[in-house]
Amino acid sequence: MQVTLKLFASLSPCLPPGAVRNKVDLEVDSNTTILGLLDSHHVPREKCHLVLLNGVFHAPEERDKVALKEGDVLAVWPPVAGG
Amino acid sequence: MGWTGKVLRIDLSNGTSKSEPLNMEWADKYLGQRGLASKYLVEEVDPKADPLGPENKLIMATGPLTGTCASTGGRYSVITKGPLTGAIACSNSGGYFGAELKFAGWDMVIFEGQSPKPVYVTIFDDDVQLRDASDIWGKSVWDADKYIKSTHQDQMIHVAAIGVAGENEVLYSCVVNDLHRAAGRSGVGAVMGNKNIKAVAVRGTGGVKVKDFKAFMDATNAGKKVLKDNAVTGEGLPAYGTQVLMNVINEAGAMPTRNGADVQFEGAGDISAEAMAEPRRTDGKPNLLTNQACFGCTIACGRISKVDETHFTIQNKPEYWHASGGLEYEAAWALGSATGTNDLEALTYVNFICNEQGIDPISFGATVGAAMELYETGVIDDKVTGGIELKFGSAEALVQCVELTGKAEGFGKELGMGSKRLTEKYGKPELSMTVKGQEFPAYDPRGIQGMGLTYATSNRGACHLRSYTVASEILGIPEKTDPLETDGKAGLVKAFQDATAAVDSSGLCVFTTFAWTLEDIAPQVDAACEGNWSVDKLLEAGERIWNMERIFNNQAGFTAADDNLPQRLLKDAAKTGPAEGLVAGLDKMLPEYYELRGWTQEGVPTNETLERLAV
């Protein structure tokens, strides 16, 4: 199935070739979890502060339990802020 | 100490100035800067006074930590009755001006009356002069800065000036210091223009004394270590600035887009922090050159950018082929998402013009967004706009608008009224995304519910900086709460409002609170100032300040009916994203907020509350 991975700020270098504007579409197995997808792209777990699946935050303890679905958008940031 | 103990009072009508002692009894209750200067304002200005009349006063105020080696200790505020809102206004700025004012020996400067002719004020330590400004009236902030430094042959002078927008009393004009730091909101620049003050130039050769030097060094060094070790203040903000929020807020479905009709902007990625750092296709260079720090700041979140010289905005204007203040998140949102424009170079140029001419980019961009909706729905046409094809997404139209607004020429004169007056004029007040007449900033309350209550109850009109619950609701600072929930948000907003009022009164930057709590700040204030400044005392001062501001507004004529949001946010559900189907749940939060504040359900502080806080 296809999902979209978006990595921002200092996590951008973990995106695979072909990514445009911090975003890439990927083919993944149907049982892939949030954490599984991030681990497969060597995104440092300790840097994954803000993890939004379709815009909704998922806490660290949920990330190895939530399986991705077709068309999901996973967006991840290190600790950031603004105002 | 911390305070200099001196207030400079300038009577513009008579052209005189005098020094008077700071009211230390008030300083013990209101700390400094926002709180203390607001106390002076409410004691001296009739709440019903015309903001653009000689009876209004304008105060430039520092905090006790301004000019010290505390990290970010360079802040000052401009306090007045705001012309955009008719409410109390307090706009905070960084740069170097505030610290220099302290070095010159002044906690605050109170401007009263109205000069019969344009002047600029020089404050060189104790030497205060009102000088003829006829050579720089009609010129930009940047020209005024250059002229004053050149005339007085001193590049160490720091200047806070208005551009032509302030001279023309554009209702959201700002006071710009150090070329591109601004006391930006609520139209404080229009008050300065109304008083015929083009600029205030300061040069100080003194220092700032603190109560206990060793304790102060220990506390400020400990604070700096916290900022350095924190991933947000030590890494994220210096590298990406506030603009890193562009993608965050868009993904969270809380990005007000095209005058708030949508909550996600398809062009957000094109105008984000990440896009600013990418090499451009045209010249291979990135928009962002470097970050920059204000006085004493160890975070350094500021952006310095350069527009592509071949871009249509400046290809024939070499005077703009230089580096200057780049896009911060709020400006990028207002000029970009609110108008549906994704041309990063155009937004950067328009932001330059806002700095150069002293225009608040938040209210300007939001007002253009409202005007675009009036145009696209056929309410106004080319005849009204003077031929500007005012369609959402048009960078050309945005540029034409900014070039006319500061000068108050053509359709720019109407834009300079702000979106409330503009939409009322054309019979569509519901298209103004404002609270108390001030345009709301870059967070849609349908997707971040706490911000709805924040905007509705902000004492200076819609504002994110009065209680930045985004930190908790989206960013997880200090702890994560659900942005789509209304439960618990009344308490959250009150806590942020009180703590922020204290920070805004200290001389420190509110961005420190991404890493610091009041537990980090209290020892720094206490080591600098007499008065046993504990966390509890800071919070009590913050709550006292909030109530004082509220009373001023109530006496000015505001009521609970003004603690409201645009109907679009209350009636039209978000179309996409996590908040799809939701409206702002203000009615679920406001009664509890009043109760927690110790106010009646009409929004009036009870006698018991006022006695408890000794307002």
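I take contact to mean heavy atoms within 4.5 Å. By that criterion, I find 31 residues of chain B and 22 residues of chain A in the contact.

The model is predicted: local features need pLDDT of at least 70, side-chain atom pairs count only at pLDDT 80 or more, and totals for chains, interfaces and linings use all residues. Residues are numbered from 1 along each chain as its sequence is written, chains are lettered from A and ligands numbered from 1 in the order in which they are written, and side-chain values use heavy atoms, with hydrogens and water left out.

Entry: buried area. I looked up the accessible area (1.4 Å probe) that the two parts lose on being put together, summed over both. Between chain B and chain A this comes to about 2,000 Å², with 61% from carbon and sulfur atoms. In chain B, the residues that lose the most area to chain A are B:Glu251, B:Glu274 and B:Leu475, together 25% of what that side buries.

Entry: salt bridges. I counted four between chain B and chain A, each a side-chain nitrogen of Lys or Arg within 4 Å of a carboxyl oxygen of Asp or Glu. One that I noted joins A:Lys47 to B:Glu235, with the closest N and O atoms 3.6 Å apart.

Entry: helices at the contact. Helices here are DSSP runs (H or I, at least four residues) and strands likewise (E, at least two), numbered from the N terminus. I find that H8 (231-240), H9 (245-251), H10 (273-277) and H11 (329-335) of chain B each supply at least two residues to the side touching chain A. H8(B) gives the most, with six residues.
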